[in-house]
Amino acid sequence: MIIVILILAVILFIYFNVIPGKGHTLVSWISLIITLLCVLGIVEHDYNHWGLKTETQTSTQNLTSSVNPNLPILLYQPLGNGTEKVYLYKTNNNQKKPKAIKLDKVSTKVKQGKEASLKIRTTRYVYKNNFSRIMFSAFSHNNELKHREYIFTLPSNWKVISTKDMQKLQKQMQEKMQSQKAASLH
């Protein structure tokens, strides 16, 4: 709607500046002010989410080992220089592959607790009221993600291990099992 108002204000400004007449200067100035206010509103909406408020949703799920139900492990894949991590998690033992956290506007926290759980707190921008919805619906900022926080709560017996370290551990375990098999055959 704000785009329609902007277009009408620009057309009125041009029309009343080109066609001479009594009172046209006043209407021209008013249409120029409306044009500037519309442009300001669009910029504020786009950069500062004007007309929107934040809404947070939280979900909590049980966490199971990323690898094996008998090994309490949470896996992560380091990114870049290793300061960023993509955590790989399972919420039940029936999952074949662990899920990866989403990386868009995300923060993660790993803390100690009694039971293994995952809390996902998602904050999104939504329209404050119907007026904002009518004015800015053309820009599709409703439900835009502001921030997502993953909070992993792990008991003290759980380990957080990188996928590379896990692969090395699996290789060592296989070699140990093979050497034990060879020793038992001799």
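Some bookkeeping comes before the details. Residues are numbered from 1 along each chain as its sequence is written, and side-chain values use heavy atoms, with hydrogens and water left out. Because the model is predicted, local features need pLDDT of at least 70 and side-chain atom pairs count only at pLDDT 80 or more, while totals for chains, interfaces and linings use all residues. Helices (H or I, at least four residues) and strands (E, at least two) are DSSP runs, numbered from the N terminus.

Helix 2 covers residues 24–48, which makes 25 residues. From its first C-alpha to its last, helix 2 reaches 35 Å, close to the 36 Å expected at 1.5 Å a residue (the expected span is 1.5 Å times one less than the number of residues). Its buried residues are His 24, Ser 28, Ser 31, Thr 35, Cys 38, Gly 41, Ile 42 and His 45; here buried means under 20% relative accessible area, exposed over 50%, and partly exposed in between, with a 1.4 Å probe and protein chains only. An α-helix has 3.6 residues a turn, so residues three or four places apart point the same way. The buried residues of helix 2 pack against helix 1 (2–18), strand 1 (52–62), strand 6 and helix 3 (130–136), where contact means heavy atoms within 4.5 Å.

Just past the end of helix 2, His 49 takes a positive phi of about 55 degrees. Then comes Trp 50, in the loop between helix 2 and strand 1. Trp 50 counts as partly exposed, at 49% relative accessibility. Leaving aside residues up to four places away in sequence, Trp 50 touches Gly 41, Glu 44, His 45 and Phe 136. Its C-alpha is separated by 9.1 Å from that of Lys 128, 78 residues apart along the chain.

Strand 7 (residues 144–154) is mostly covered, with eight of its eleven residues buried. Strand 7 pairs with strand 5 (residues 106–112) in the parallel sense over seven bridges; two strands pair if DSSP finds at least two bridges between them. Within that pairing, Phe 152 is the bridge partner of Val 110. Strand 6 (residues 117–127) runs antiparallel to strand 7, and nine bridges join them. Ser 117 stands opposite Thr 153 there.

A separate topic is the open sheet of four strands, with order 4-3-2-8 and mixed pairing. Its edge strands, each pairing on one side only, are strand 4 (99–100) and strand 8 (159–162). Strands 3 and 4 pair in the antiparallel sense over two bridges, and Leu 88 stands opposite Ala 100 in strand 4.

Leu 88 also turns up among the residues touched by Thr 163, along with Leu 75, Tyr 76 and Gln 77, not counting residues up to four places away in sequence. Thr 163 sits in helix 4 (residues 163–185) and is buried, with a relative accessible area of 13%. Its side chain makes a polar contact of 2.5 Å with that of Gln 77 (a pair of N or O atoms within 3.5 Å; within protein, one must be able to donate a hydrogen and the other to accept it, and residues adjacent in sequence count only if both atoms are side-chain atoms).

Strand 5 comes back at the largest pocket, where it gives the most to the lining, with three residues.
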